[in-house]
Amino acid sequence: MLEDRATAVSSPTQWPAAYPKGYAVVDVETTGLARDDRIISAAVYRLDALGEVEDHWYTLVNPERDPGPVWIHGLTSEVLDGAPLFGDIAEEFAARLDGRVLVAHNAVFDWQMIAREYARVRREAPVRQRLCTIALSKELGLPLPNHKLESLAAHFGVVQQRAHHALDDARVLAEAFRPSLRAAAASGVRLPLLECRPLTEWSDRPVPRQATGGYGGYRSSSWRPSRKRPACPYPNPGRYEEGKRLKQGMRVAFSGDTSTERELLEDRAVEAGLHVATSISRLTSLLVTNDPDSGTSKTVKARQYGTPIVDEAAFGQLLGDVEPADA
């Protein structure tokens with residue numbers, strides 16, 4: 001039914017003028033999920049304004065370390081030893097992304113991995129906006145059992161051939177994104193675009209290179225544990241009130257995708273004297289989310305408790321002028 005509606009807007013004259021002029025559908029496979037993990041393969045499908053495929057590109061990347069969960073991505077140290085370093089493919093990768101909206105499934109992950117790789121080689125990825133296909137499927141109200149790529153693919157009849165292979169995952173996503181985009185255009189849906197800010201704050205810890213095929217040498221400790229922060233030294237002054245300043249000691253929680261890497265955003269909140277909360281309670285002063293209608297447990301509880309909600313941009317403004325705690 002969605003594809004039938006999309007057919008009606010296939011003509012560029014009926015296309016929403018505010019929609020982007022081109023997309024780069026991206027998938028990266030990595031050594032893990034932590035901040036210091038590395039990209040080991042990347043694929044890009046370039047699409048035009050209507051979601052039609054223009055070309056595609058794929059590369060392996062030598063991470064100069066243990067390849068991580070080989071049982072998932074199938075890329076051993078032996079396979080990756082002869083692959084180019086990220087610095088060797090950075091220019092070609094950038095050319096594929098330049099001037100386009102980055103599209104990915106759970107886009108915040110792919111963007112952050114890409115941004116960190118460019119930061120390591122002292123460059124910036126030429127990406128200014130990203131679009132998460134999970135967020136788009138929510139905007140469209142697709143009847144999916146979950147938000148896995150395989151479920152999105154099955155909904156649109158796209159056959160997946162090699163799961164967790166960057167090129168095939170990017171192909172599957174490109175084929176599922178086209179009818180999603182056209183359904184959005186037909187219904188006048190606002191695309192859930194988020195800003196991509198160049199990464200300027202990051203750190204790595206040394207990870208030993210594994211000489212074997214990677215099956216036995218992968219250390220689960222390279223998956224980032226929960227971060228322990230020092231207790232906030234200020235008492236909770238209560239809830240944030242619209243139009244007023246934040247005050248040191250306020251309990252702030254975050255939910256959903258953010259333009260700035262979540263951990264960096266939390267660091268800035270802590271530096272300003274705020275208490276970063278991992279859950280919502282009646283004591284929470286403020287919830288920061290770019291998608292207040294997402295239906296996550298945090299947004300649902302925030303509405304139940306009457307907790308104020310602001311988006312990331314508004315929170316950034318508030319961080320610039322936090323009121324000191326009472327003496």
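Helix α6 (residues 133-140) packs against α8 at an angle of about 35 degrees, and their axes are 11 Å apart. Axes here are lines fitted to C-alpha atoms, for helices over the stretch in contact, with angles from 0 to 180 degrees between N-to-C directions. Helices (H or I, at least four residues) and strands (E, at least two) are DSSP runs, numbered from the N terminus. The crossing of α6 and α8 is left-handed, a term for a near helix turned anticlockwise from the far one by less than a right angle.

This is a predicted model, in which local features need pLDDT of at least 70 and side-chain atom pairs count only at pLDDT 80 or more, while totals for chains, interfaces and linings use all residues. Residues are numbered from 1 along each chain as its sequence is written, and side-chain values use heavy atoms, with hydrogens and water left out.

Back at the helix pair, α6 brings Thr133, Leu136 and Leu140 to meet Leu173, Phe177, Ser180, Leu181, Ala183 and Ala184 of α8, where contact means heavy atoms within 4.5 Å. That set divides into 7 nonpolar, 2 polar and no charged residues. For these classes, Ala, Val, Leu, Ile, Met, Phe, Trp, Tyr, Cys and Pro count as nonpolar, Asp, Glu, Lys and Arg as charged, and the others, Gly among them, as polar.

Helix α8 also takes us to the largest pocket, whose lining receives two or more residues from each of β1 (22-30), α2 (70-73), α5 (107-120), α7 (149-155) and α8 (166-187). The pocket holds about 630 Å³ of space. On a 1 Å grid over the protein atoms alone, a pocket is an open set of points where a 1.4 Å probe fits, with protein on both sides within 12 Å along at least five of seven lines; lining residues have an atom within 4 Å of a point. Grid points are joined across faces, edges and corners, and the volume is the space filled by probe spheres set on them. Of the 27 lining residues, Asp27, Val28, Glu29, His164 and Asp169 lie nearest the centre. Strand β1 gives the most, with 5 residues.

Finally, look at Pro308, in the loop between α10 (297-305) and β10 (309-310). Pro308 is 22 residues from Leu286 in sequence, yet their C-alpha atoms are 5.1 Å apart.
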